[in-house]
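Take a look at the chain below. Then use this briefing to find your way around it.

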Amino acid sequence: MVRGKTVIRRIEDTTSRQVTFSKRKSGLFKKAKELGILCDAQVGVVLFSNTGRLYEYSNSRMKSIVESYQEVMEGQQFMSASAEAKFWKAEGARLEQQLHNLQENHRQLLGQHLSGLGLEDLKSLENQLEMSLHNIRLTKEQLMIDEIEEFNKKGSLVHQENIELHKKLNMIRQENVDLQNKLNVRVEVNGGNTSYSFDQYNIAAPEDVIPVQELSQPHPAERDEQPESPTLR
């Protein structure tokens, strides 16, 4: 029968947990003893139970093992701190030298401290200046081109808005002309019988228009009577 795999997790039952602790502790100490005998090694095991009780095993004096452990750890920490200090010291020196080189190169680009340079160094410096000037001019030209394109776009928008405003103005003028023509037609049709004010439409009244007296309304008895036809002479 195949034995199932044990799941490693906390044992909830107190009695079972205590029994397992005792068995595993004995097995751990047995393995530590075997390791010390087989490999001629100094072995020390320190174990605390969940109640705080101390259990320990060592194939020599436990105090000497603990002291050896502390010495090794202190030595490693000291070596680690020393190595870190050396690294940052070297890094600081490298950055300082890099800063000095950058400052010296900057002075040479400004035409200073050129006495110690040879012919090849001067040619290299001249090439750097020409390349820098070329890049500056290219950047300047590109900025000018971008600004010109932006101005052209704004000019096109303003021109389009101007055209739209002219169209609206022409439409308003045409509406005013149409309205004035309609009023003129009404004046011609009504002749002298019109009674509205010309000033209301901002139109000058004709000089030959004769004011017309208001006619009285006919009586009810006279509504059915037909008017007499005028006699032509």
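The points below go from the overall fold to single residues.

This is a predicted model, in which local features need pLDDT of at least 70 and side-chain atom pairs count only at pLDDT 80 or more, while totals for chains, interfaces and linings use all residues. Residues are numbered from 1 along each chain as its sequence is written, and side-chain values use heavy atoms, leaving out hydrogens and water.

**Overall fold**

- The protein chain has three helices and two strands. Helices (H or I, at least four residues) and strands (E, at least two) are DSSP runs, numbered from the N terminus.
- Starting at the N terminus, the order of elements is α-β-β-α-α.
- Of the 233 residues in the protein chain, 8% are buried. Buried means under 20% relative accessible area, exposed means over 50%, and partly exposed lies in between (1.4 Å probe, protein chains only).
- Accessible areas come from the Shrake-Rupley method with a 1.4 Å probe, and for residues only the protein chains shown count as cover.

**Salt bridges**

- The structure contains three salt bridges. A salt bridge is a side-chain nitrogen of Lys or Arg within 4 Å of a carboxyl oxygen of Asp or Glu.
- R10 pairs with E12 in a salt bridge, and their closest N and O atoms are 3.1 Å apart. Both R10 and E12 are exposed.
- E91 forms a salt bridge with R94, with 2.5 Å between the closest N and O atoms. E91 and R94 both sit in helix α2 (residues 62-109), three residues apart, or about one turn of the helix.
- E91 counts as partly exposed because its relative accessibility is 22%. R94 is also partly exposed, at 44% relative accessibility.
- E104 forms a salt bridge with R107, and the closest N and O atoms are 3.5 Å apart. E104 and R107 are three residues apart in helix α2, so about one helical turn separates them.
- E104 has a relative accessible area of 23%, so it is partly exposed. R107 has 28%, so it is partly exposed too.

**Surface patches**

- Patches are made of residues with over 30% relative accessible area and no salt bridge; like charges are joined within 9 Å, and nonpolar side chains (Val, Leu, Ile, Met, Phe, Trp, Tyr) within 5 Å.
- D146, E147, E149 and E150 form a patch of negative charge on the surface. Asp and Glu count as negative and Lys and Arg as positive, while His and the chain ends are not counted. The place of a charge is taken as NZ of Lys, CZ of Arg, CG of Asp or CD of Glu.
- E147 lies in helix α3 (residues 119-190). Its relative accessibility is 48%, so E147 counts as partly exposed.
- V46, F48 and L54 make a nonpolar surface patch of about 300 Å². F48 belongs to strand β1. F48 is exposed because its relative accessible area is 53%.

**The loop between β1 and β2**

- S49 is in the loop between β1 (44-48) and β2 (54-58). S49 is buried, because its relative accessible area is 12%.
- The side chains of S49 and T51 make a polar contact at 2.9 Å. A polar contact is a pair of N or O atoms within 3.5 Å; within protein, one must be able to donate a hydrogen and the other to accept it, and residues adjacent in sequence count only if both atoms are side-chain atoms.
- S49 and F21 are 28 residues apart in sequence, with their C-alpha atoms 8.1 Å apart in space.
- N50 also lies in the loop between β1 and β2. N50 is exposed, with a relative accessible area of 60%.
- The C-alpha atoms of N50 and Q18 are 9.5 Å apart, and 32 residues separate N50 and Q18 along the chain.

- D40 is not a glycine, yet it has a positive phi of about 55°. Most residues other than glycine have a negative phi.
- D40 is in the loop between α1 (14-39) and β1. D40 counts as exposed because its relative accessibility is 73%.
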